[in-house]
Amino acid sequence: MSQSHPHRVAIYPGSFDPLTNGHVDIIERGARIFDSIIVAILANVEKKPLFSEKERVSIIREVFKGKDNVQVETFEGLLVDYAQRKKASVLVRGLRAVSDFEYEFQMALMNRHLAPGLETVFMMPAEQYTYISSRLIKEVFMLGGEVEGLVPPIVEDKLRAKQAGKKRRK
Ligand code: PNS
């Protein structure tokens with residue numbers, strides 16, 4: 001019996017400043033479960049991101065080039081409105097530890113309040129990535145620490161370029 005199955009679009013929203021291997025892991029898991037996954041970079045909120053929106057889009061596109069069901073975009077305004085425009089039925093968020101839970105729970109329920117038909121699905125990254133965050137990557141790298149294996153190689157290269165630019169300006 002052939003059953004028509006709706007095309008399930010998931011959105012994976014975040015700041016991605018920068019993309020980490022934890023994010024990559026969640027995107028790969030999402031791409032296996034959903035028909036397509038849109039990595040949605042929040043635009044214009046953080047006043048001083050390390051990487052511009054354009055840089056973040058191009059990094060993530062580069063990492064997932066050839067993966068046809070992974071798209072990368074930026075969005076502004078309410079996430080639920082963006083999800084509706086994209087005809088997405090699922091929001092994907094990664095949960096690393098109990099400490100993530102409260103903020104994620106609040107967001108998921110607020111989004112449900114705003115858009116009852118949109119479901120938030122939490123996914124856990126592989127355990128070797130559970131302590132990684134974009135904030136710590138930036139801090140450790142800028143203070144001279146090693147981030148190899150924690151971010152894709154292209155992110156390491158771009159971090160190095162930022163650091164070189166900073167040194168030149170000093
Ligand atoms: O990776 P982050 O920075 O924790 O992601 C937070 C993000 C982008 C998911 C959240 O700030 C968001 O959805 N912002 C868009 C505005 C919005 O809809 N706010 C209400 C969320 S309940």
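Predicted model: local features only at pLDDT ≥ 70, side-chain atom pairs only at ≥ 80, totals over all residues.
Residues are numbered from 1 along each chain as its sequence is written, and side-chain values use heavy atoms, with hydrogens and water left out. Helices (H or I, at least four residues) and strands (E, at least two) are DSSP runs, numbered from the N terminus.

- Five strands form an open sheet in the order 3-2-1-4-5, with parallel pairing (a pair needs at least two DSSP bridges).
- Strand 3 (70-75) and strand 5 (119-123) sit at the edges with a single partner strand each, so one side of each has no neighbour in the sheet.
- Strand 1 (residues 9-14) runs parallel to strand 4 (residues 90-94) and is joined to it by two bridges; Ile-11 has Leu-91 as its bridge partner in strand 4.

**Glu-104**
- Glu-104 is part of helix 4 (residues 98-114).
- Glu-104 counts as buried because its relative accessibility is 5% (buried is under 20% relative accessible area, exposed over 50%, partly exposed in between, with a 1.4 Å probe and protein chains only).
- Setting aside neighbours within four places in sequence, Glu-104 is in contact with Arg-93, Leu-95 and Phe-122 (contact means heavy atoms within 4.5 Å).

**Helices 5 and 6**
- The axes (lines fitted to C-alpha atoms over the stretch in contact, with angles from 0 to 180 degrees between N-to-C directions) of helix 5 (residues 134-142) and helix 6 (residues 153-169) come within 11 Å and cross at roughly 50°.
- On the helix 5 side, the contact is made by Ile-137, Phe-141 and Met-142; helix 6 brings Glu-156, Leu-159, Arg-160, Lys-162 and Gln-163.
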